[in-house]
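Below are my entries, in the order I looked things up.

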Amino acid sequence: MKKLIFALSALMLALPLQSASAQMVTVGTATPGSLFHSAGTAVAKVINGQDGLRATLQPFASANVYIPAVSEGDIDFGVATVQEVGVALAGKEHFEGRPQDGLRAVGIMFPLRFAVFVREDSDIRTIADLKGKSLPTGYSSQQIAATMMDAIYAAGGLTEADVEGVTVANTVAGADDFATGKVDAFFFALGAAKVSEVEASVGGIRAIPFEANDQTLEAVRRYLPQAYFVDVEPGKALAGVKEPTTILAFDALAFASAKTSDDTVYKVTKALHDGKDALVATFPAFRGFDPAKMAKDIAPIEYHPGAIRYFEEAGVAFPEGDKAN
């Protein structure tokens with residue numbers, strides 16, 4: 001019995017020492033239920049699989065809140081859209097006059113596919129059919145969503161003035177308003193847990209397709225310069241996709257603070273590059289993650305030196321001129 005007590009005591013003493021020896025890093029995420037909370041959770045779990053690193057989640061209302069925290073070095077990592085990191089870095093749009101120059105790219109994660117959803121039996125069939133309908137607007141704590149909606153309206157030859165707006169703080173609130181019947185449609189990312197929740201609550205939803213042509217893409221890119229069209233097939237993880245559907249996409253990006261050490265970013269980049277199976281197991285959107293294409297051209301966003309060091313060692317190709325300046 002004395003030996004057992006001694007062994008247990010030694011174990012209890014060892015655990016805090018082991019925990020203390022691990023380097024703690026923080027990952028900024030959006031509201032639980034949102035795509036970027038799920039994505040950040042997956043990233044944190046993969047980081048926790050690395051020896052010497054322990055990740056904790058720090059949820060915020062949206063990326064436009066945690067991006068400045070990463071830039072300042074208060075948080076080590078985040079996951080957001082290339083679009084929002086780009087405008088934050090440049091101090092444009094909802095970051096006007098507040099350039100977040102402490103942001104550095106870690107790697108492209110997956111295509112962020114998004115759509116406007118309606119009830120499955122709705123007579124809304126096209127983006128143009130949204131005219132005169134009630135939709136969430138404002139997005140005071142998630143202002144990138146307002147820009148994305150402007151792009152969606154443009155795809156149908158509309159503007160926000162053509163719909164009946166109901167002010168919301170973020171996309172989660174907009175989805176909740178749809179579920180309670182306050183609005184006719186809502187905007188969200190495909191594959192997010194919230195979309196599945198809404199579908200279950202209303203008995204079926206449907207994603208509105210885009211008309212994929214050069215004219216529509218040109219209209220969209222006035223608001224989202226790096227957007228592109230993708231075709232998606234129905235699947236268990238894609239609530240609202242009832243048939244092959246063309247939707248809009250741009251890339252999700254893992255990013256770090258310039259103040260996060262090179263060694264830490266190196267280890268995290270390696271963990272992500274080698275961790276696709278674990279990422280997918282936590283969040284199916286990572287099925288679109290291609291480790292060989294983590295270093296996509298996203299100028300003027302610079303890659304973190306720690307990420308560059310890992311990419312060079314692993315043979316991950318950079319587009320010409322795309323390394324940090």
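I took helices (H or I, at least four residues) and strands (E, at least two) as DSSP runs, numbered from the N terminus. With that settled, I looked just after helix α11, where Gly 315 takes a positive phi of about 75 degrees.

A note on my source: this is a predicted model, where local features need pLDDT of at least 70, side-chain atom pairs count only at pLDDT 80 or more, and totals for chains, interfaces and linings use all residues. Residues are numbered from 1 along each chain as its sequence is written, and side-chain values use heavy atoms, with hydrogens and water left out.

**Helix α11**

I stayed with α11, residues 305-314, and asked which of its residues are buried (under 20% relative accessible area, with exposed over 50% and partly exposed in between, using a 1.4 Å probe and protein chains only). I found Gly 306, Ala 307, Ile 308, Tyr 310 and Phe 311. Their cover includes β4 (103-119) and α9, where I counted contact as heavy atoms within 4.5 Å.

**Helix α2**

Next I checked the length of α2, residues 35-48. The expected span of a helix is 1.5 Å times one less than its number of residues. For the 14 residues of α2 that should give 20 Å, and the end C-alpha atoms are 20 Å apart, so the two agree. I also noted that α2 is mostly covered, with 12 of its 14 residues buried. Among them are Phe 36, His 37, Thr 41 and Ile 47.

**Strands**

I then turned to β3, residues 77-81, and found 5 of its 5 residues buried. What does β3 pair with in the antiparallel sense? I found strand β10 (residues 245-257), joined over 5 bridges; I called two strands paired if DSSP finds at least two bridges between them. Here Thr 81 stands opposite Ala 252 in β10. Strand β1 (residues 23-29) pairs with β3 too, in the parallel sense over 2 bridges, and Val 27 has Phe 77 of β3 as its bridge partner.

Further along I looked at β5, residues 134-138, where 4 of the 5 residues are buried. Strand β6 (residues 164-168) runs parallel to β5, and 5 bridges join them. One pair I wrote down is Pro 136 with its bridge partner Val 166 in β6. I jotted a reminder beside these: in a regular strand the side chains alternate between the two faces of the sheet.

**Helix pairs**

How do α3 (residues 63-72) and α4 (residues 82-90) pack? Their angle is about 55 degrees and their axes are 11 Å apart; axes are lines fitted to C-alpha atoms, for helices over the stretch in contact, and angles run from 0 to 180 degrees between N-to-C directions. That makes α3 oblique to α4, since angles under 35 degrees count as roughly parallel, over 145 as roughly antiparallel, 65 to 115 as roughly perpendicular and the rest as oblique. Ala 63, Asn 64 and Ile 67 in α3 meet Glu 84, Val 85 and Ala 88 in α4.

I compared α6 (residues 171-179) and α7 (residues 193-202), whose axes come within 10 Å and cross at roughly 10 degrees. These two are therefore roughly parallel to each other. Their contact includes Val 172 and Phe 178 of α6, and Lys 194 and Val 202 of α7.

**Lys 259**

Last, I looked up Lys 259, in the loop between β10 and α9 (262-274). Lys 259 is exposed, at a relative accessible area of 61%. Not counting residues up to four places away in sequence, Lys 259 touches Glu 72 and Gly 73.
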